[in-house]
Amino acid sequence: EEFATQVPRARPGSDTGSPVAASKEMSLHHRNRLDELKHEWLRAKREHPRIVLGVTVALALAIVLPVVAAIWTVRGLRKGLPDGNAIAQMGVMNQATSVFDSKDQLAFTVFKEQRIEVPLSEVSPNLIQALIDIEDQRFYDHHGFDLVRIGSAAMANLRHRRVAQGGSTLTQQLARQSFLTLDKTIRRKLQELIVAERIEGAYTK
């Protein structure tokens, strides 16, 4: 005795459970909702024109004012910062004047800041590596400022509820000491980031 197995066929238009059908239904729902909002807005505009005008102006100001404030802030931050020429002359610093005697021996020095220039090739590599290990372990990885270090310092300061750790790179410290003040303000910190990025663009590591 044989039994026939019938496989039900899908009826046309019965694919409501498919992702395509669900997407179409969602799109149709959004269009209907937008049409409803449009009709409500037009009705409110006819019945309460002053209120609609006030809301429109408020929304426009809410969008425009932050943009204008951001542009004004950025322009203000860049005002007075060193240009490319100033950064290129950054290595030119006051040095001590050395006075030698008749036997060509150093007698004394005259200085405002006691600084004697030494070529980098004469600085011990161990000293350079020690400075990087202590002050800026990711020195060769960042481009002026280190977001990872800044985030880590911020978390440490929050845990200790005080400024327990700094997030400045060596380039930021150079920017601060060479061109900026030591004021601990957000404005000065942002300027420090801008100058550090400029220094990294002008010099190689």
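Helix H5 (147–160) has 14 residues, which at 1.5 Å a residue should span 20 Å, and its end C-alpha atoms are 20 Å apart, in agreement. The expected span of a helix is taken as 1.5 Å times one less than its number of residues. Helices (H or I, at least four residues) and strands (E, at least two) are DSSP runs, numbered from the N terminus. The structure is a predicted model, in which local features need pLDDT of at least 70 and side-chain atom pairs count only at pLDDT 80 or more, while totals for chains, interfaces and linings use all residues. Residues are numbered from 1 along each chain as its sequence is written, and side-chain values use heavy atoms, with hydrogens and water left out.

The buried residues of H5 are Arg149, Ala153, Ala156 and Asn157. They lie on the same side of H5, because they cover an arc of only 100° around the axis. The arc is that of the directions from the helix axis to the C-beta atoms. An α-helix has 3.6 residues a turn, so residues three or four places apart point the same way. On the face of H5 turned away from its buried side are the exposed residues Leu147, Val148, Leu158 and Arg159. Buried here means under 20% relative accessible area and exposed over 50%, with partly exposed in between (1.4 Å probe, protein chains only). The cover over the buried residues of H5 includes H4.

The chain as a whole contains seven helices and two strands, in the order α-α-α-β-β-α-α-α-α along the sequence. Of its 205 residues, 18% count as buried. Among contacts in the chain with a separation of 6 or more, 48% are between residues 24 or more positions apart; contact means heavy atoms within 4.5 Å.

Helix H7 (186–202) has 17 residues and reaches 25 Å from its first C-alpha to its last, close to the 24 Å expected at 1.5 Å a residue. Its buried residues are Arg188, Gln191, Glu192, Leu193, Ile194, Val195, Ala196, Ile199 and Glu200. These residues of H7 pack against helix H2 (49–78), helix H3 (84–88), H5 and H6.

Gln172 is in helix H6 and is buried, with a relative accessible area of 0%. Not counting residues up to four places away in sequence, Gln172 touches Gly144, Phe145, Asp146, Gly167, Lys189, Glu192, Leu193 and Ala196. Lys189 is in helix H7 and is partly exposed, with a relative accessible area of 31%. With residues up to four places away in sequence not counted, Lys189 touches Ser168 and Gln172. Lys189 and Gln172 are 17 residues apart in sequence and 9.1 Å apart in space, C-alpha to C-alpha. Arg176 is also found in helix H6 and is buried, with a relative accessible area of 16%. Apart from neighbours within four places in sequence, Arg176 is in contact with Ser168, Thr181, Leu182, Arg188 and Glu192.

Pockets were located on a 1 Å grid over the protein atoms alone. On this grid, a pocket is an open set of points where a 1.4 Å probe fits, with protein on both sides within 12 Å along at least five of seven lines, whereas a cavity is a set from which the probe cannot get out; lining residues have an atom within 4 Å of a point. Grid points are joined across faces, edges and corners, and a volume is the space filled by probe spheres set on the points.

The largest pocket holds about 1,300 Å³ of space. Its lining consists of 25 residues, of which Met93, Leu120, Leu131, Phe139 and Leu174 lie nearest its centre. Helix H4 (125–135), helix H6 (170–179) and H7 each give two or more residues to this lining, and H4 has the largest share, four residues. By class, the lining of the largest pocket has 17 nonpolar, four polar and four charged residues. Ala, Val, Leu, Ile, Met, Phe, Trp, Tyr, Cys and Pro count as nonpolar, Asp, Glu, Lys and Arg as charged, and the others, Gly among them, as polar.

The second largest pocket holds about 520 Å³. It is lined by 19 residues, and Val163, Gly166, Gly167, Ser168 and Lys189 are the closest to its centre. H5, H6 and H7 each give two or more residues to this lining, with the most, five residues, coming from H7. The lining of the second largest pocket has seven nonpolar, seven polar and five charged residues.
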